[in-house]
Amino acid sequence: MTAVKRIGGDEAALRQVQMLIGGKWVDSACGEVLEVEDPAHRRPIAVVPRGRAEDVARAVRAAAEAFPAWSRTIPRDRGRLIARIADALEARLEELARCIALETGNALRTQARPEAKTTVDILRYFGGLGGELKGETIPLGEHVLSYTRREPLGVVGAIIPWNAPVLLAALKIGPALCAGNTMVLKAAEDAPLGVLLLAEMCQEFLPPGVLNVLTGLGEECGAPLANDPAVSKLSFTGSTEVGKLIMRAAADRIVPVSLELGGKSPSIVFPDANEDWVVDGIIAAMRFTRQSQSCTAGSRLFLHRDVFDPFLDALGQKVKSLKIGDPLDEASDIGAIINEKQFSKVCGYVEEGLTRREARVVIGGLPPKEGPLSEGYYAIPTIFANAANDWRLAREEIFGPVLVAIPWTDEAEAIRMANDSHYGLAAYVWSHDIGRALRTAHVIEAGWVQVNQGLGQSPGHSYGGYKESGIGREFSLEGMLESYTQRKNVTVNLMR
Ligand code: ADP
């Protein structure tokens, strides 16, 4: 069990949670802690260890010691343990969902509960893939047996962000462990509690050291993990800026790296798609109910000029009807932004849009300075019409509920603008003309194009980015094989 105790008086009681190294719940070597804040009320709710290089070294040692036995465990047996974690998690789903909502500010009904459910699905999916770690035979002739084996890499160093913390942790843990690796995972400083709860459930079933979970800051804890010589693989989800540092660390030691980074995903609406269900789809694709804190947010809306104004009016009306409020309230559709830094950043983009005379504000603006919403980091969904693709608002990942709508008339021009981005994670195409929609899907430079829907990822799907949105694929069997195994060829002379 995670050691959880309360510190301070009753009023200001803070949960003190420990991290997991070598099967034990521990404080950081330096004894310092970091506060975790509830962004909906701007108040600390817990403290976690401030892990640093010394803790990273201890965790990597524990993972390296656990590796030989774990990698030799029969794959189906490893998978069975992962599936049991999924069952345990399902039994505590509501507790996990509430924990996610509290620390991330994501609304329980629309986000945190679905995240907890998808986490179960992900672990169950990877738990079933042990038997798929197959090799091949190579036909070199009757006198030779040449075959490949899929072998694990060793200790995986995984670093995750705060926006879907538990799901993203499972997305690393499930495939890496199923493939026979051990892991040191660093949780994001803003959302470590759900990940530690997941770690507690993992620890019930896994041998000590197979999974180690650290809490700490990026530079103090993430960087030593990325640079540890005993880490054989780096798997990172987060900003493109930090992704580049991770890739440099991997280059120094020639270790494989998977990166799932930012996005500025286009949604292209053809004139025949001026319909209510498309409006709903754009809201889903923009991830408004996760405060748009999603790398796949369809944050550049390319709307055909013929339907531009009526479509935006309908979109504005629907977005306005979403309820912003306490993440734990079942009535809330939209919760709070994760922290003050992100909140100010989002407000900065809104301010910039408001100063552009050519932009029409369809809905939104700066957050209220008083009233219940001013108690938390609540941003107001904002849509700027008549934007241009070269504006900073259309080029940079805002990671907040600010949508820019850009008009187009010529299809080739719409596609050129959609592809004019250094990102290439996701895209959305909306049309009844399936030939046109698929032709568009094929020329869009993105790892994932959805036609006539704006849903989230599902287990089994090959998910990852083009261009600066990343390297490698997650969520799927092929992602597991490519990211967490290496092929060994064995060639045997049968004549001797
Ligand atoms: P975000 O802006 O979404 O927080 P980051 O890329 O800054 O995205 O953070 C994602 C994860 O990367 C977090 O766990 C964070 O602590 C970690 N991180 C940040 N800086 C570094 C770094 N220099 N080295 C390793 N990890 C880092």
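Predicted model: local features only at pLDDT ≥ 70, side-chain atom pairs only at ≥ 80, totals over all residues.
**Entry 1: strand 20 and its neighbours**

Strand 14, residues 266-269, runs parallel to strand 20, with 3 bridges between them.

Which strand pairs with strand 20 over 4 bridges? I found strand 21, residues 448-451, and this pairing is parallel too. One link I noted there is Ala-427, whose bridge partner in strand 21 is Val-449.

**Entry 2: how covered is strand 20?**

I went through strand 20 (residues 426-430) for burial and got 5 of 5 residues buried, so the strand is largely enclosed by the rest of the structure. I kept in mind that side chains in a regular strand alternate between the two sheet faces. Sorting by face, I have Ala-426, Tyr-428 and Trp-430 on one side. Ala-427 and Val-429 sit on the other. Both faces are covered, as every one of these residues is buried.

Next I turned to an open sheet of 3 strands, which I wrote down in the order 7-8-24, with antiparallel pairing. Which strands are at the edges? I have strand 7 (137-138) and strand 24 (485-493), each pairing on one side only.

I then checked the strand 7 side. Strand 7 and strand 8 (residues 144-152) are antiparallel and joined by 2 bridges. Ile-138 has its bridge partner in strand 8 at Ser-146.

**Entry 3: the whole chain**

Zooming out, I counted 15 helices and 24 strands in the protein chain. The radius of gyration came out at 23 Å, close to the 23 Å the globule rule gives for 496 residues, so I'm noting the chain as being as compact as a globular protein of that length. Along the principal axes, the C-alpha atoms fill a box of roughly 75 × 70 × 40 Å.

For burial overall, I get 57% of the 496 residues. I also looked at contacts between residues at least 6 apart in sequence: 71% of them join residues at least 24 apart.

**Entry 4: surface and charge**

Last, the charges: I have 54 positive and 62 negative ones, and their mean positions are 4 Å apart.

How values were computed. Residues numbered from 1 in each chain as written. Heavy atoms only, no water. Rg over C-alpha atoms; globule rule 2.2 N^0.38 Å. Buried < 20%, exposed > 50% of the residue type's maximum accessible area, 1.4 Å probe, protein only. Contact = heavy atoms within 4.5 Å. Lys, Arg positive; Asp, Glu negative; His and termini not counted. Charge placed at Lys NZ, Arg CZ, Asp CG, Glu CD. Pairing = 2+ DSSP bridges.
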